[in-house]
Amino acid sequence: MKSSVGDLLFYMGKVAERLCSIEAAAGTSGNISVRADHFSIEEFPQEGSRDKTHHKLDYEFPKLHKERFIITGSGKNLRYIRERPHECLALIEIVEGGYNILWGLEEGAVITSEHPAHLSTYQTRPQLSAFLHAQPTSINVLARLFRSEDSLNRLLFAQHEQLRIYCPAGIGLVDVVRHGSSELAGAVASSLTEKDICAVVRHGTFSVGEQDPTKALNQACDFQEYYHDAARTFLDNPWLRLLPVDFLLKSLGRASKLPLGAKFVNAFLRPPK
């Protein structure tokens with residue numbers, strides 16, 4: 001059964017609230033988008049109705065021409081989406097040279113500055129229906145410490161067995177890139193070609209979902225929650241309070257190369273029962 005516009009706006013609000021509740025969207029950080037190709041403008045709430053306005057984009061997305069998305073506005077706080085969706089979200093249509101706002105946001109407002117990452121990823125993976133960018137403190141800390149994608153995944157898989165089942169491809173890791181840039185958009189889209197979530201050093205996590213937009217939205221949120229929970233489990237491990245972090249990382253790296261070292265490291269990284 002196809003989701004309605006009301007369903008979609010409701011779940012965007014719920015997902016936004018959930019990200020805030022796990023400390024993954026402080027202030028105006030974080031942004032959300034979903035596909036909205038199958039909805040007519042008449043299906044949207046009267047609040048938010050407006051004249052169509054055109055806005056230029058610095059980058060072209062030719063494969064997305066005439067496609068529609070609901071996306072957060074620039075500088076909008078995610079916690080207010082559920083109460084005031086028309087003030088926080090916009091229905092946009094991608095056109096040559098930019099996009100048109102068809103519904104939502106006040107006059108003069110524009111969409112999130114992270115739109116290049118959203119649109120590049122949709123263009124790279126056409127089957128996607130939802131895209132989330134969050135700032136979970138837990139993952140931000142670990143992404144700074146573990147600059148190896150393999151090491152980061154080994155650590156997180158050891159904390160949360162559900163990750164191996166629900167997200168077997170693991171989390172991608174992208175090095176420091178300027179936010180809102182074409183370089184960031186390309187790096188995130190590339191990482192999310194084969195993975196459903198990636199972390200960018202000093203810039204949070206990006207996750208995606210497929211199928212029906214409401215299901216895709218909840219799927220993308222689940223990825224954020226699972227990895228946040230795994231990272232928090234590690235950071236709450238009492239062993240970490242006994243050793244300096246730099247010594248711990250160097251020691252684990254050396255130990256993992258010894259005979260049976262990997263088993264020792266994995267046992268150490270697992271949370272105590």
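Leaving aside neighbours within four places in sequence, which residues is Leu119 in contact with? The views below start there. This is a predicted model, in which local features need pLDDT of at least 70, side-chain atom pairs count only at pLDDT 80 or more, and totals for chains, interfaces and linings use all residues. Residues are numbered from 1 along each chain as its sequence is written, and side-chain values use heavy atoms, with hydrogens and water left out.

**View 1. Leu119 and its contacts.** Beyond its neighbours within four places in sequence, Leu119 is in contact with Leu57, Phe61, Leu64, Phe69 and Ile94 (contact means heavy atoms within 4.5 Å). Leu119 sits in helix 3, residues 115-124; helices here are DSSP runs of H or I with at least four residues, strands are E runs with at least two, and both are numbered from the N terminus. Leu119 counts as buried because its relative accessibility is 1% (buried is under 20% relative accessible area, exposed over 50%, partly exposed in between, with a 1.4 Å probe and protein chains only). From Leu119 to Ile94 there are 25 residues in sequence and 9.4 Å in space, C-alpha to C-alpha.

**View 2. Ile32 and its surroundings.** Not counting residues up to four places away in sequence, Ile32 touches a set of residues including Met12, Val15, Ile70, Leu78, His118, Phe131 and Leu217.

**View 3. The largest cavity.** Its lining is made up of Leu57, Tyr59, Glu60, Phe61, His65, Ile94, Val95, Gly97 and Gly98. A cavity is a set of points on a 1 Å grid over the protein atoms alone where a 1.4 Å probe fits but cannot get out, and lining residues have an atom within 4 Å of a point. The volume is about 30 Å³, taken as the space filled by probe spheres set on the points. The lining divides into five nonpolar, three polar and one charged residue (Asp, Glu, Lys and Arg count as charged; Ala, Val, Leu, Ile, Met, Phe, Trp, Tyr, Cys and Pro as nonpolar; the others, Gly among them, as polar).

Technical notes:
On a 1 Å grid over the protein atoms alone, a cavity is a set of points where a 1.4 Å probe fits but cannot get out, and a pocket is an open set with protein on both sides within 12 Å along at least five of seven lines; lining residues have an atom within 4 Å of a point.
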